[in-house]
Amino acid sequence: MTTKDKRFPLSLSSVVNQKDKAGGGAVRHTAMPQTAMRNAAHHLSGVAAAKTANSQHLHLPQGAVGASAGLSPSLLSGPLVSEGVRRAMVSRVAQQGVKDTTVLAALQAVPRHLFLESGMASQAYVDASLPIGHHQTISQPYIVARMLEIMRNGGKLERVLEIGTGCGYQAAVLSVMVKDVYSIERIKALHELAKSNLRPMRIANIRLLYGDGMQGLPSEAPFDGIILAAAGLEVPQALLKQLRVGGRLVAPVGGRNQVLQLIERVSTYEWNSSVLESCHFVPLHPGII
């Protein structure tokens, strides 16, 4: 691998992978209360979100369905999770340097507060990472947008693999931009939480899997893009092999001091690596719990 430094300033069956590990008995339900249905009294309608995107000249890919489209338009948002508040969040992200209008429109189309506990909904559109339980976080809106912009690179993404589903927010944003999204979570309770959050949104192009993300998903490879939501000391070799030639992987790398790393597969046996801006993510771990 060569290195060059660079710095940048549904139905339930449609949403959930049905091949959870056998022998586990009945499906375990997370004890965490932050499901989309419990927060739904505060959400924006999909119609309003689409109008907002149009009014801001943000372009949703043709045929894409926003993650809020399956939610009832009769349920309106409160003042701290309003359409204007979400629009302001996207505006701040753009001011920080994210220029890709497809990414910005996808960020605007997904109600972030639906992926948090109801008591934290008022903080949903602050540009910060927030706890979702199990020592994990929902990523900062800016870093979500930056990583997606880098991975997309102005092109069309057919198949993307996400490592670290968490509460499901980034997968929902990806679903607006990408034809097929595969997302792996190693923590069973968070895998169940993501299913609960995404179920009422009826997003048909997300497949959620419970497993070891460091192993990737070779049965569905190669991928146009791979994105990691946790930081290892290096990118697992298994993931590099699952990129198609021309594909891009974006991951946080490091221990106490972390940076975003872009890896591009340029041929069957060659990858280029670029170091981007500093960041901070939870650690990447092997196995399942």
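Thr102, Val103 and Leu107 in H5 meet Pro141, Val144, Ala145, Leu148, Glu149 and Arg152 in H6, where contact means heavy atoms within 4.5 Å. By class, this contact of H5 with H6 comes out as six nonpolar, one polar and two charged residues (Ala, Val, Leu, Ile, Met, Phe, Trp, Tyr, Cys and Pro count as nonpolar, Asp, Glu, Lys and Arg as charged, and the others, Gly among them, as polar). All of this comes from a predicted model, in which local features need pLDDT of at least 70 and side-chain atom pairs count only at pLDDT 80 or more, while totals for chains, interfaces and linings use all residues. Residues are numbered from 1 along each chain as its sequence is written, and side-chain values use heavy atoms, with hydrogens and water left out.

As for the geometry, helix H5 (residues 101–109) and helix H6 (residues 141–152) pack at an angle of about 140 degrees, with axes 9 Å apart. That makes H5 oblique to H6. Here, axes are lines fitted to C-alpha atoms, for helices over the stretch in contact, and angles run from 0 to 180 degrees between N-to-C directions; under 35 degrees counts as roughly parallel, over 145 as roughly antiparallel, 65 to 115 as roughly perpendicular and the rest as oblique. Helices (H or I, at least four residues) and strands (E, at least two) are DSSP runs, numbered from the N terminus.

H5 also packs against helix H4 (residues 83–95), at an angle of about 150 degrees and with the axes 9 Å apart. H4 is therefore roughly antiparallel to H5. On the H4 side the contact is made by Arg86, Arg87, Met89, Val90, Val93 and Ala94, and on the H5 side by Leu104, Leu107, Gln108 and Ala109. Sorted by class, that gives seven nonpolar, one polar and two charged residues.

Helix H8 (residues 188–198) is another story: eleven of its eleven residues are buried, so H8 is largely enclosed by the rest of the structure. Buried means under 20% relative accessible area, exposed over 50%, and partly exposed in between (1.4 Å probe, protein chains only). The buried residues of H8 include Lys188, His191, Glu192 and Lys195.

Cysteine 167 counts as buried at 2% relative accessibility, and cysteine 279 is buried at 14%. A search of the whole structure turns up zero disulfides (pairs of cysteine sulfur atoms within 2.5 Å).

Methionine 214 sits in the loop between strand S6 (206–210) and strand S7 (223–228). With a relative accessible area of 23%, methionine 214 is partly exposed. Leaving aside neighbours within four places in sequence, methionine 214 is in contact with Pro236, Ala238, Leu239, Leu284, His285 and Pro286.
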